[in-house]
Amino acid sequence: MIDRIRELAEAASDDIAAFFTEDAGRAEAFSIRFDGMLFDYSKTHISSEARDALLDWAEASRVATRRDAMFAGQAINETEGRAVLHTALRNLGGAPVLVDGRDVMPEVLETLARMERFCEDVRQGFVQGQGGTITDVVNIGIGGSHLGPEMAALALSPYQDGPRCHFVSNVDGADISDCLQGLNPETTLVIVASKSFTTVETMTNAETARAWMAGVVKDPGQQFVALSTADDKVAAFGIAPERVFGFEDWVGGRYSVWGPIGLSLMIAVGPERFREMLEGAASMDRHFQEAPLAKNMPVLLALVGLWHHQGRGYPTRAVLPYDQRLSRLPAYFQQLEMESNGKRVSMAGEPLTMPSGPVVWGEPGTNGQHAFYQLIHQGTQVVPCEFMVAAQGHEPELAHHHRLLVANCLAQSEALMRGRGIEEARALMAEKGFNGKELERQAAHRAFPGNRPSTTLVYDKLTPRRLGQIVALYEHRVFVEGVMLGINSFDQWGVELGKVLAKEIEPVLESGDTTGKDASTAQLVDFIRANRT
C-alpha cells in the first residue's frame with residue numbers, strides 16, 4: 001500500500017490553490033465537523049484519489065478491528081502483554097470494560113469518586129496543612145505524569161478557582177528550588193506521581209521537597225499525596241493509605257492525565273470541570289468508534305500525517321496553537337507522537353521498511369511568526385503545519401486582541417498555500433524604484449514558493465470539554481498511525497538504556513574511575529570533576 005501512496009504523492013499537483021479553482025466544494029469535501037469543532041485539511045496536496053488510497057490503506061491495516069480490540073480491553077500492547085485502556089478512565093457511563101474477564105469500571109469509578117472527595121476536602125478547607133488551608137499544590141512527576149497535568153492546568157487557567165498549582169519534573173535542582181521559593185511549607189500539598197515510586201528524577205525531587213517541609217512542619221507525610229501502586233514504598237515514605245491513588249498498568253504515562261495523574265488539575269479546577277474534560281474526551285472516543293473512516297476526525301488527521309511523512313517525505317510536523325494557554329500543547333503532542341511511534345521495528349520484530357514517526361515541534365502563535373515561520377515560508381524544507389484556534393477567547397473586554405489573533409492564524413495558512421510569485425515580487429520592487437539586476441535580486445528575496453500544506457482545527461472556545469476532545473483526537477490519531485505503520489504505539493523501550501547508563505555513571509562522577517568507559521565519556525567525566533568546585 002505504501003508504494004501506491006508514494007506514487008500518488010510524487011504525482012500530486014504542486015498547486016494546492018488549483019484544487020479550489022477546479023472544485024468549488026473542496027473546502028467542505030475535505031473537512032470534518034464534529035460537536036463544535038471543524039477540522040479543515042483542504043489546504044494540502046491530497047486529492048480525492050489520494051484520500052481514497054489512504055482510506056484503502058487504513059482498511060487493509062484493519063484499523064477498525066484494532067480500534068475495537070483496544071476499547072474491548074484486549075492486550076494490544078503486545079511487547080508488554082497489556083491492555084491499552086486510558087479510554088476507560090473517561091467512561092463515565094460505566095459500561096463494562098473487561099480485562100482478562102474482569103470488569104475494571106467499578107474500580108475506575110470508585111477511584112474517580114475518591115479523587116473527587118479528596119479534592120473537595122482540599123478546596124473546602126477540610127483537608128489542611130499543618131499551618132492552615134492549603135494554598136499551593138506542587139505536582140512532582142516526569143514525562144506524562146508531568147506534561148499532562150501541567151499542559152491541562154495552563155490550558156484551563158480561566159477555570160482555576162482552587163489552590164495554586166506548580167509543577168516540577170527535572171532532576172536539575174534548579175527546577176524544584178525555583179518552585180519551592182516563596183511557598184509556605186505549612187500550607188503546601190505535594191503530589192508525588194510515580195507508579196513504581198522508584199522513578200529516579202521524581203523520587204529525588206520528592207525527597208528534596210520532604211526535607212524542605214521537614215524543616216518547618218512536624219510531620220511532612222501529612223502533606224504528601226502519592227499517585228502510585230507501590231503501597232509498601234509509599235508507606236515507607238510516610239504517606240497514609242487514604243492519600244494514595246493508584247492506577248493500572250494498562251494506563252501508559254503519556255495517556256494518564258484522565259485519572260489519578262490529573263489530581264493536581266482536579267484540585268485546581270474542581271471535580272465538575274474535570275468531569276467536563278473527561279466527557280469531552282469520551283465524546284471523541286464515541287466518534288472514533290462510530291463514525292465511518294471517511295468521516296472520522298482522528299482517522300483523517302492520521303491519514304494527513306501519513307501522507308505528509310511517509311508519502312511525501314516531509315520529516316517534521318509543526319503544531320501551532322493560536323492560544324497562549326496551549327503553549328505546552330506542542331510539547332505534550334511531541335511526547336505523545338514521538339514516544340509512541342518513534343520505533344524501528346514492526347510488531348513482529350522486523351525492521352521497518354518505511355519511516356516511523358516524524359519530528360513534532362511547535363510554539364503558540366503569534367510568537368512563532370517572529371521566530372521560525374521564516375523557515376516555514378521560505379526555507380528549503382517543507383514543514384506541514386497544524387494550526388488550531390478558538391472562535392472566541394475568554395477575555396471579552398479584549399475581543400480586539402482575539403480578532404487579531406484569529407486573523408493571523410487564518411492569514412498564515414493562506415500565505416503558506418498562496419505564496420508570492422516572482423512576478424508579484426518584481427512588481428513590488430518596481431514600485432519601490434528598483435530596476436535592472438538590483439530589481440531581480442531584491443525580488444528573489446521577496447518571492448515565496450507557496451504550496452506549503454497545512455491543516456486547521458477550529459473550535460468555538462477552549463473549554464474543559466473542548467480540551468478533552470482535542471487531546472483525545474490526537475491520542476487516537478497516534479493510534480491509527482501506529483496501526484497503519486504496523487508498530488506498537490504503547491511501549492517505549494528506547495528510554496531504558498539511558499536510565500541504566502546513568503546509574504552506572506553517577507558513582508563514576510564521585511570516584512573518577514572511568515575504567516570501561518569510552519574515551520569521550522572519560523574525558524567529560526574528568527572535566528566535570530575538575531570543574532565542580
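**Close-up 1. Where helix α12 meets helix α19.** Arg273, Glu276, Met277, Glu279, Gly280, Ala281, Ser283, Met284, Asp285 and Phe288 in α12 touch Pro464, Arg465, Leu467, Gly468, Gln469, Ala472, Leu473, His476, Phe479 and Val480 in α19, contact meaning heavy atoms within 4.5 Å. Sorted by class, this contact has 10 nonpolar, five polar and five charged residues (Ala, Val, Leu, Ile, Met, Phe, Trp, Tyr, Cys and Pro count as nonpolar, Asp, Glu, Lys and Arg as charged, and the others, Gly among them, as polar). This is a predicted model, in which local features need pLDDT of at least 70 and side-chain atom pairs count only at pLDDT 80 or more, while totals for chains, interfaces and linings use all residues. Residues are numbered from 1 along each chain as its sequence is written, and side-chain values use heavy atoms, with hydrogens and water left out.

**Close-up 2. The angle between α12 and α19.** Helix α12 covers residues 271-290 and helix α19 residues 464-485; they pack at about 40°, with their axes 7 Å apart. Axes here are lines fitted to C-alpha atoms, for helices over the stretch in contact, and angles run from 0 to 180 degrees between N-to-C directions. Helices (H or I, at least four residues) and strands (E, at least two) are DSSP runs, numbered from the N terminus. That makes α12 and α19 oblique to each other (angles under 35 degrees count as roughly parallel, over 145 as roughly antiparallel, 65 to 115 as roughly perpendicular and the rest as oblique). Their crossing is right-handed; a crossing is left-handed if the near helix is turned anticlockwise from the far one by less than a right angle, and right-handed if clockwise.

**Close-up 3. Helix α4 against helix α13.** Here α4 (residues 48-60) and α13 (residues 297-311) pack at about 105°, and their axes are 10 Å apart. The two are therefore roughly perpendicular to each other. From α4 come Ala50, Arg51, Leu54, Leu55, Trp57 and Ala58, which meet Leu300, Leu303, Leu306 and Trp307 in α13. The residues of this contact split into nine nonpolar, no polar and one charged.

Close-up 4. The 16 residues of α20 (residues 496-511) should span 22 Å at 1.5 Å a residue, and the end C-alpha atoms agree at 24 Å apart; the expected span is 1.5 Å times one less than the number of residues. Just after α20 comes Gly512, with a positive phi of about 80°. The axes of α20 and α21 (residues 519-531) come within 9 Å and cross at roughly 50°, so the pair counts as oblique. The crossing of α20 with α21 is right-handed. Ile505, Val508, Leu509, Glu510 and Ser511 of α20 make the contact with Thr521, Val525, Ile528 and Arg529 of α21. By class, that is five nonpolar, two polar and two charged residues.

**Close-up 5. The four-strand sheet.** This open sheet runs in the order β8-β7-β9-β10, with parallel pairing (two strands pair if DSSP finds at least two bridges between them). At the edges stand β8 (164-168) and β10 (224-227), each with a single partner strand, so one side of each has no neighbour in the sheet. The twist averages 20° from one strand to the next. Strand β7 (residues 136-140) runs parallel to β8, joined by five bridges, and Val137 sits opposite Cys165 in β8. Helix α8 (residues 173-180) packs on the sheet, touching β7 and β8, and its direction makes about 165° with that of β8.

**Close-up 6. The six-strand sheet.** The order is β1-β2-β14-β13-β11-β12 in an open sheet with mixed pairing. Its edge strands, β1 (31-34) and β12 (359-361), each have a single partner strand, so one side of each is left without a neighbour in the sheet. Ignoring direction, neighbouring strands are turned by 15° against each other on average. Three bridges hold β11 (residues 316-321) parallel to β12, with Thr316 partnered by Val359 in β12. Helix α14 (residues 329-341) packs on this sheet, touching β11, β12 and β13 (385-390), and its direction makes about 165° with that of β12.

**Close-up 7. The β1-β2 hairpin.** Four bridges join β1 to β2 (residues 37-40), and the two run antiparallel. Arg33 stands opposite Leu38 in β2. Two residues lie between the strands of this hairpin, where Asp35 takes a positive phi near 45°.
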